[in-house]
Amino acid sequence: MIAVLILCAIGAVAAVLLYVIAQKFRVEEDPRIDDVEKMLPGANCGGCGFPGCRGLADQLVKSEDISSLYCSVGGGDTMKRIAEYLGKTAAEKEPMIAVVRCNGSCDKRPHTNVYNGAPSCKVEAALYGGETGCSYGCLGNGDCVVACKFGAITINPETRLPEVDEEKCTACGSCVTACPKGIIELRKKGIKGRRIYVGCMNQDKGAIARKACLAACIGCGKCAKTCPFEAITLQNNLAYIDAEKCRLCRKCVVECPTGGIREVNFPPRKPAETTSSTGA
Amino acid sequence: MKGFRKGGIHPPEYKISKKEAIQDMPLPESVVLPLGQHIGAPATPCVQKGDRVLVGQIIGTPNGFVSSYIHSSVSGTVTAIDNQPDVRGLRSPSITIKVEGDQWLETIDRSDALIKNCTLPREAILKKITEAGIVGLGGATFPAHVKLTIPQGKHADVLIINGVECEPFLTADHRLMLEKSEEILIGVDLLCKVLGVDEACIGIENNKPDAIERLSQLSLNYPRIKVVPLRVRYPQGSEKQLIEAISGREVPSGKLPLDVGVVVQNVGTAFAVYEAVQKNKPLFERIVTVTGRSLAHTSNLRVRLGTPISSLIDYCGGLPEDVGKVICGGPMMGRAIANINAPVTKGTSGIVTIREKGAVRKQPQNCIKCAKCVSVCCMGLEPYLISKLARLERFDELEALHVTDCLECGSCSYTCPANLPLLDYIRVGKAEVLRRIRINKTQQNK
């Protein structure tokens with residue numbers, strides 16, 4: 001009986017104490033942070049540069065100017081809603097997507113040796129140039145697959161190259177930092193998902209690059225000459241298409257002698273006009 | 001018997017080629033000389049395409065203090081200065097020379113006569129060593145003149161010569177100690193003179209009794225030099241372990257051997273110093289062990305730098321049919337070759353062919369925390385933990401666990417009963433931690 005009473009007394013004292021302390025040391029937090037956090041997707045991917053969604057919500061509420069803050073997972077709609085709620089103006093960004101800049105599938109890029117160490121691109125890249133003659137290309141161990149929190153990247157067993165699922169990719173950028181070869185880039189998703197990019201990172205001279213991979217960029221510069229919008233620059237034997245300037249005319253794709261420039265989500269080309277090959 | 005205290009392993013020795021006398025490898029058709037054959041900044045080429053060069057002529061000049069000269073190893077015409085793939089398959093700037101005849105610089109003394117006396121002052125000897133492009137020939141290729149230049153406020157009292165050759169298979173240093181014993185001792189004496197030390201110890205593991213006996217006998221004529229037989233233990237050839245084994249001094253974490261008054265050089269380096277100072281011969285050839293359990297003729301070859309590795313293997317009977325892997329260096333610390341046509345460089349101590357059976361890694365299983373890796377780690381680290389944290393990219397904790405002390409000897413991976421690729425991840429973690437430390441330092445300096 002006495003024990004029960006003592007316990008109750010301790011409980012009561014502790015409750016009072018807790019209440020007093022909680023009142024004294026209460027942290028005033030803007031209730032809007034909770035609301036903003038609820039509006040964010042809650043993926044906690046870190047793509048915005050903050051530790052989780054709450055970090056971004058906190059920053060969104062506190063900063064005067066939120067134009068530098070962006071949640072790529074939620075996209076423009078989410079940002080607009082949050083900005084409306086907070087009475088600020090949100091940054092407007094075009095939706096982005098991760099693209100894999102390597103064409104070196106198994107049939108195009110012959111293997112010259114076998115790697116049998118730890119299954120990690122980082123480990124392999126620290127050791128040597130990789131299983132093929134191209135030391136710039138994809139190593140195929142799938143560090144990007146592990147890094148992707150949305151399950152958007154898978155390694156195609158046939159080509160042994162990563163493939164990005166357009167529906168699932170949120171452009172958080174985890175794969176970009178995970179790839180030790182810097183192959184993955186965030187590019188504009190484009191109207192109707194249409195985009196053109198150089199699917200190669202090889203900076204070797206043309207002959208060497210070509211020997212290592214049939215679909216390598218050989219730095220011939222034909223694409224740069226063809227481009228009517230000066231969107232293509234050539235540096236270190238490698239072409240790069242500036243997505244801001246590119247108007248998706250697809251002339252470079254046709255021109256590339258190795259087929260290294262990739263076009264995505266375009267309707268099939270009209271069959272080439274039949275030239276009168278029968279002769280007169 | 002002396003030895004280092006902590007950890008270490010004793011892998012099967014397989015010193016198959018220890019009875020093979022050093023032979024001269026025939027000249028190749030062309031050589032590829034990378035400009036970065038040493039630790040530090042790559043050299044700057046000082047010849048042009050189409051130039052005719054002689055054996056021993058300088059073709060690359062050092063790019064800063066921690067860098068080295070590169071000499072032509074053959075006579076002929078420079079055919080290209082471009083990027084060539086190395087053993088890792090990565091391209092680095094190199095000079096390609098087509099071999100025409102074998103015409104040496106006239107200043108080089110090609111006779112076999114032993115020159116014992118040297119009246120040069122120490123500065124002149126050091127200058128000769130620098131200009132001969134000598135780097136640590138044990139495999140680390142740290143420029144020798146940097147180690148021999150003692151900075152202000154530091155003092156060295158012992159020179160330790162590394163004749164340990166603790167890697168399995170390799171016998172290049174062993175043969176060199178047997179065949180060029182007198183030259184090595186003169187070289188060590190010269191190194192003592194440069195450093196101004198009165199004591200030099202040559203550490204040799206007692207699996208080379210003939211070398212110990214021969215050098216001990218000859219060293220009686222050199223009062224400064226003594227030979228120290230050592231217990232066989234890998235990685236005794238590592239600088240810090242060798243210092244502990246011979247002098248009992250421990251190099252603290254993050255410090256250099258010079259901080260405990262010691263300078264370490266390899267026997268091969270001592271021989272190169274002899275040739276550079278007494279014979280005016282720069283470093284353009286080295287002894288390479290070509291070996292393997294199924295290789296037809298295991299040999300110790302004197303090879304001109306830049307010779308393709310494939311021609312060495314062809315000379316020794318060609319690649320065996322059951323080959324699974326070719327390693328450049330020893331089997332413990334060496335690396336599997338991705339490009340067999342890569343050139344022999346200053347750091348190539350051996351070429352080892354591994355049979356298919358031994359080349360494949362076993363399937364890794366789960367870590368059972370048996371701590372075998374902890375007990376073999378010669379630096380007293382916790383490999384299982386470091387490896388795991390490196391995998392999880394927890395770099396601050398890695399730094400606190402002294403990952404930067406790891407010498408990448410591979411004892412942990414060798415001994416792991418679960419076949420875990422411990423070192424693979426440790427290496428990645430160490431590189432990242434070192435990178436972060438470097439960035440922090442440069443930021444602080446600003």
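T141(B) is partly exposed, with 19 other C-beta atoms within 10 Å. The burial scale uses C-beta atoms placed from the backbone: a residue with 20 or more others within 10 Å of its own is buried, one with 12 or fewer is exposed, and anything in between is partly exposed. T141(B) sits in the loop between α1 (122–131) and α2 (144–148) of chain B. Helices (H or I, at least four residues) and strands (E, at least two) are DSSP runs, numbered from the N terminus. Check the backbone too: T141(B) is not a glycine, yet has a positive phi of about 50°. Most residues other than glycine have a negative phi, and most peptide bonds are trans.

The model is predicted: local features need pLDDT of at least 70, side-chain atom pairs count only at pLDDT 80 or more, and totals for chains, interfaces and linings use all residues. Residues are numbered from 1 along each chain as its sequence is written, while chains are lettered from A and ligands numbered from 1 in the order in which they are written.

**Chain B, whole**

Chain B has 14 helices and 17 strands. Its radius of gyration is 21 Å, close to the 22 Å that the globule rule gives for 446 residues, so chain B is as compact as a globular protein of that length. That radius is taken over C-alpha atoms, and the rule is 2.2 Å times the number of residues to the power 0.38. Along the principal axes, the C-alpha atoms of chain B fill a box of roughly 65 × 55 × 50 Å. Of the 446 residues in chain B, 50% are buried. Now think in contacts: two residues are in contact if their C-beta atoms, placed from the backbone, lie within 7 Å. Among contacts in chain B between residues at least 6 apart in sequence, 73% join residues at least 24 apart.

**The cores**

Select I160(B), V188(B), V273(B) and L312(B). These have the most contacts inside the largest nonpolar core, which has 123 residues. Such a core is a set of buried Ala, Val, Leu, Ile, Met, Phe, Trp, Tyr and Cys residues joined through C-beta atoms within 7 Å. Next, helix α4 (residues 181–195) of chain B: this helix gives the most to the core, with nine residues. Zoom in on V273(B). Beyond its neighbours within four places in sequence, V273(B) is in contact with I129(B), I134(B), G187(B), L190(B) and L191(B). Apart from this core lies another, of 67 residues, including M96(A), C227(A), A231(A) and C252(A).

**Helix α6 of chain B**

P235(B) is in the loop between β11 (225–230) and α6 (239–247) of chain B. The peptide bond from Y234(B) to P235(B) is cis, with omega near -5°. Move on to α6(B). Nine of its nine residues are buried, among them E239(B), K240(B) and E244(B). They pack against β9 (158–162), β10 (199–205), β11 and β12 (262–266) of chain B. Just after α6(B), G248(B) takes a positive phi of about 80°.

**An open sheet in chain B**

Select β2, β8, β7 and β4 of chain B. These four strands form an open antiparallel sheet in the order β2-β8-β7-β4. Strands pair if DSSP finds at least two bridges between them. The edges are β2 (30–34) and β4 (52–53) of chain B, each pairing on one side only. β4(B) joins strand β7 (residues 76–85) of chain B over two bridges. There, V53(B) stands opposite G76(B) in β7(B).

**Domains**

Domain bounds come from an automatic or database domain assignment. Colour chain B by domain 1 (16–21 + 110–279) and domain 2 (372–445). Their C-alpha centres lie 29 Å apart. Five residues of domain 1 of chain B are in contact with six residues of domain 2 of chain B.

Switch to chain A, with domain 1 (32–86) and domain 2 (96–264). Here the C-alpha centres lie 31 Å apart. The contact takes five residues from domain 1 of chain A and seven residues from domain 2 of chain A.

**Last stops**

Select N265(A), in the segment after β8 (261–264) of chain A. N265(A) is not a glycine but has a positive phi of about 65°. With 12 C-beta neighbours inside 10 Å, N265(A) counts as exposed.

Finish where chains A and B meet. That contact takes 13 residues from chain A and 14 residues from chain B.
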